[in-house]
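The following note sets out several points for a student who is reading this model for the first time. Please keep the sequence and the structure in view.

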Amino acid sequence: MPSVRATYYDGIVSRRRDVEVSLHPQGLAIFSVEGMLVTTWPYAEIRRIEGARGPGLAVTRVEPGSTAEPRLEIEDAGVAADLAARAPLTLTGAAGTRKERRSVVVWAIAAVVSLLALAYWGLPAIAGRIAPLVPAGVEARLGAAMDPQIRAEFGGPAGMKTCTAPAGVAALAELVARYERHADLHLPLRVVVVDNPMVNAFALPGGYIYIMRGLIQKARGPDEVAGVLGHEIGHVKFRHGLQSAIQSGGLGFLLGTVFGDFAGGTAILLASRALLSSAFSRDAERQADAFGVDLMLKGGGNPEGLAGFFGTAGGGPPGALNWLTSHPASAEREAAIRRLAQNRPVLAPALTPAQWQALRDICQTTG
Ligand SMILES: [Zn+2]
């Protein structure tokens, strides 16, 4: 097992310590620079925390019965990615402020009430009622727990390959920031382009949006990509991914949300798969369409692009997991989008020609 340098604080004495870490089947092993084993952290007890430098990772260990808050900073991008794929990394609210603890109590009460409602009405019917009660921090943790599952699904244990050509990343970030300003979301967006030929895009709980390279290549202009992005932001806004996760994750998932611990991987895996393979309801799709149109008219872009994507552009290879499989083309939807945009001026293009070119090349890297 190759080991890399890392910085370790044991959480008991506030002393920074240089260590060597390596990944083993049973956990993350921390060695002194002299090669003595200091401790081993089981993957299930590792949580991501704020403060990583560059492509690295900062993590802590939540050890049952321990109040220590150890901290480990790994700068090596390879080991950081490897660890991210193995551990159920979730953002911890750094041992919980009082406000957060109170919100957890409120949420626990809400969840217990929901469990009672569950007994009466069944899960699908109440998922929509529960979702609005979930604190944004809990949704963010859920998304952070689902993200590695999605990455594994698309790229194996090493994770999926996201596209990082700097000009393309900058063009996308600028568009996302513009839409974010108008979207008034409960949590920040994390939008990435995945190096994958599928004509697809989807949103997870927690503001995670993935756009496949194939969708950008298939699009006839920036308005079509911006339209799909706006639509997916609509799913984030109305927490459709969260509803779907609650619906498919079942009781175990609900209990996981009560305790704010998504380490019980099976429910997360099922919820992630369900999100990829199933469609949202027609009402949810209409809601996301309307939100996307509004975002374009406020933040730049022509809603005709979203309508157009339901025409010829969205048709991917038959049988493939593509956007139109979960978003059936319908004349009715196209017409509804055009009606929403009627008599409202297009303020600005979604992207400049240079930005559009950069976005199209986002997966082309020389290094
Ligand atoms: Zn949708």
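Is K298 buried, partly exposed or exposed? K298 is partly exposed, with a relative accessible area of 39%; buried means under 20%, exposed over 50%, and partly exposed in between, with a 1.4 Å probe and protein chains only.

1. This is a predicted model, in which local features need pLDDT of at least 70 and side-chain atom pairs pLDDT 80 or more, whereas totals for chains, interfaces and linings use all residues. Residues are numbered from 1 along each chain as its sequence is written, and side-chain values use heavy atoms, leaving out hydrogens and water.

2. K298 forms a salt bridge with D294, the closest N and O atoms being 2.9 Å apart; the term denotes a side-chain nitrogen of Lys or Arg within 4 Å of a carboxyl oxygen of Asp or Glu. The two residues are four apart in helix 10, and so are separated by about one helical turn. Helices (H or I, at least four residues) and strands (E, at least two) are DSSP runs, numbered from the N terminus.

3. D283 and R286 also form a salt bridge, at 3.0 Å. D283 is exposed at 54%, while R286 is partly exposed at 35%. Together with R282 and E332, they are linked in a network of salt bridges.

4. A further salt bridge joins E73 and R71 at 2.8 Å, N to O. E73 is buried, with a relative accessible area of 11%, whereas R71 is partly exposed at 23%.
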